[in-house]
Amino acid sequence: MRLARLLPVAVAGFLTLAAAPSLRAQAADQVYAGEDVDTPPKLANPAKTARLVAESYPVNLKRTGVAGQAQVQFVVDVSGKVEPGSVEVVLASTPAFASAAKEVAAKIEFTPGKAKGQAVRTRVLLPIQYK
């Protein structure tokens, strides 16, 4: 079906200008899975991320020595920022760790994932350990 849309573009040069923005918009809206990128997103600053996670440890759980984990899923945009509203808790050992992980995930910065040399929106699954 894409070939059918591209064929008229190749034949009539003026259609290229009209069709190109919508094709670019489709590519900009696409979210890649980790296995579909050449270079996956990476933590921009692992030390800062570790500090953010440590600061997000729920005080009452830390004080009583309760360890746990959470897995969060989100979209990293082409600038390396976590897209607001994309953060979802996939798994958590307690609701408190789920809330903490969701908050901290929104603050983490990445180098963006790349496909064919271009930065792309990428879905990330991140485990967070509290211990």
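**Note on an aromatic cluster and a surface patch**

1. Phe 97 is buried, with a relative accessible area of 0%, where buried stands for under 20% relative accessible area, exposed for over 50% and partly exposed for what lies in between, computed with a 1.4 Å probe and protein chains only. The model is a predicted one, in which local features need pLDDT of at least 70 and side-chain atom pairs count only at pLDDT 80 or more, while totals for chains, interfaces and linings use all residues. Residues are numbered from 1 along each chain as its sequence is written, and side-chain values use heavy atoms, with hydrogens and water left out.

2. As for the chain as a whole, the protein chain holds 5 helices and 7 strands, taken as DSSP runs numbered from the N terminus (helices: H or I, at least four residues; strands: E, at least two). Along the sequence these elements follow the pattern α-α-β-β-α-α-β-β-α-β-β-β. Of the 131 residues in the protein chain, 32% are buried. Among contacts with a separation of 6 or more, 74% are between residues 24 or more positions apart, a contact being heavy atoms within 4.5 Å.

3. Turning to the rings, the count comes to 4 aromatic pairs, under a rule by which rings of Phe, Tyr and Trp (its six-membered ring) pair if their centres lie within 6.5 Å, with planes under 30 degrees apart called stacked, over 60 edge-to-face and the rest tilted. One of these pairs joins Tyr 57 and Phe 97 edge-to-face, at 5.7 Å centre to centre and with 75 degrees between the planes. This pair links distant parts of the chain, since Tyr 57 sits in the loop between α3 (46-56) and α4 (59-63) and Phe 97 in helix α5 (residues 95-105), 40 residues apart. Tyr 57 is buried, with a relative accessible area of 8%.

4. Phe 97 also pairs with Tyr 130, here in a stacked arrangement with 4.8 Å centre to centre and 10 degrees between the planes. Because Phe 97 lies in helix α5 and Tyr 130 in strand β7 (residues 118-130), the pair ties together parts that are 33 residues apart in sequence. Tyr 130 is buried as well, at a relative accessible area of 1%, and Tyr 57, Phe 97 and Tyr 130 form one aromatic cluster.

5. A last point concerns Leu 91, which lies in strand β4 (residues 88-92) and is partly exposed, with a relative accessible area of 45%.
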